[in-house]
Amino acid sequence: MTSTHPRKRPQRRSDIPHGPQQDTGLQQIRDTLPPAPAPRTVEPAPRPVDDEVPPELLALVNHHCRRINAYLARAQHQQTLHAGSMTEWQRLVLYALTDALAHNHLLVGTLAAYLQRQDLDADLLRRYLQSPDPDRYITREAVQHLDGLTGAVPEEPAEPVWMAVGRRIARDGS
C-alpha cells in the first residue's frame with residue numbers, strides 16, 4: 001500500500017561544523033588567544049552579594065551587546081553597499097568586525113574582573129571563561145571599566161576613558 005502523504009525530502013546536510021566539532025574548534029581558538037599586554041589580577045574586595053545580578057552588570061552587558069550587534073550588522077550591510085568593490089568592502093568589514101571584537105573583549109574582561117573581585121574560585125573563573133588563562137581578558141582597560149561601573153575614585157588626575165564610560169553606564173543604566 002502506498003502512502004497518501006508526499007515523501008519527505010532527505011535532510012539537507014550542512015558543511016558547516018556544528019555540535020562537538022564546532023565546540024572543539026572554538027576551544028582551540030580560545031586557547032590560542034595571546035595574553036593581555038599588561039594582564040591584571042584584581043584584588044578581592046567582595047561586596048555584600050544577594051542572589052540578584054547587580055544592575056550595573058546588567059547595564060554593562062546591555063551596553064556592549066548593543067554596540068557589538070550594531071558593528072556586526074554594519075559588517076553584514078557592507079555587502080549591499082560595496083559588493084562591487086573588494087577594496088572598500090574588506091576595509092569596512094574588517095573595521096566593523098574588529099570594533100565588535102574589541103567591545104566583546106572588554107565586556108568579557110570587565111565581567112571576569114568583577115568575578116575576581118568577588119573572590120570567585122580561580123578554577124571556576126577559568127571554566128566560565130573556557131580558558132586556562134583569565135589574563136587573556138582582564139586588561140588594564142577592563143579593570144578601569146569595572147572601577148567606573150562600581151564608582152571607584154580614579155588614581156590618575158585625568159579619569160581614564162573606560163572608567164568614564166563605566167561610570168556613565170552605571171549612571172544611565174545603558
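Q: Which residues in α6 do E56, A59, L60, H63 and H64 in α2 meet?
A: This is a predicted model, where local features need pLDDT of at least 70, side-chain atom pairs count only at pLDDT 80 or more, and totals for chains, interfaces and linings use all residues. Helices are DSSP runs (H or I, at least four residues), as are strands (E, at least two), numbered from the N terminus. Contact means heavy atoms within 4.5 Å. On the α6 side, the partners are W162, V165, R168, I169 and A170.

Q: At what angle do α2 and α6 pack?
A: Axes are lines fitted to C-alpha atoms, for helices over the stretch in contact, and angles run from 0 to 180 degrees between N-to-C directions. Here the axes lie 9 Å apart. α2 is roughly perpendicular to α6 (65 to 115 degrees; under 35 is roughly parallel, over 145 roughly antiparallel, the rest oblique), because the angle is about 110°.

Q: Is the crossing of α5 and α6 left-handed or right-handed?
A: The axes of α5 and α6 come within 6 Å and cross at roughly 35°. A crossing is left-handed if the near helix is turned anticlockwise from the far one by less than a right angle, and right-handed if clockwise. For α5 and α6 the crossing is right-handed.

Q: Which residues in α5 meet α6?
A: The α6 side of this contact consists of W162, M163, V165, G166, R167, I169 and A170. From α5 come E141, Q144, H145, D147, G148 and L149.

Q: Why is α5 largely enclosed, and which helices are included in what covers its buried residues?
A: Buried means under 20% relative accessible area, exposed over 50%, partly exposed in between (1.4 Å probe, protein chains only). Eight of the 11 residues of α5 are buried, so the rest of the structure largely encloses the helix. Those residues are A142, V143, Q144, H145, L146, D147, G148 and L149. Their cover includes α2 (55-82), α3 (86-117) and α6.

Q: Which residues does T110 touch, not counting residues up to four places away in sequence?
A: T110 sits in helix α3. T110 is buried, because its relative accessibility is 0%. Its contacts are L60, A142, H145, L146 and L149.

Q: Is R136 buried or exposed?
A: R136 lies in the loop between α4 (122-129) and α5 (140-150). Residues that R136 touches include H105 and S131, along with P34 and P35. Because its relative accessible area is 9%, R136 is buried.

Q: What is the separation of the C-alpha atoms of G173 and L57?
A: G173 is in the segment after α6 (161-172). G173 is partly exposed, with a relative accessible area of 40%. Along the chain, G173 and L57 are 116 residues apart. Their C-alpha atoms are separated by 9.2 Å.

Q: Of the 174 residues of the protein, what percentage count as buried?
A: The secondary structure comes to six helices and zero strands. Of the contacts with a separation of 6 or more, 68% are between residues 24 or more positions apart. The buried share of the 174 residues is 29%.

Key:
Residues are numbered from 1 along each chain as its sequence is written. Side-chain values use heavy atoms; hydrogens and water are left out.
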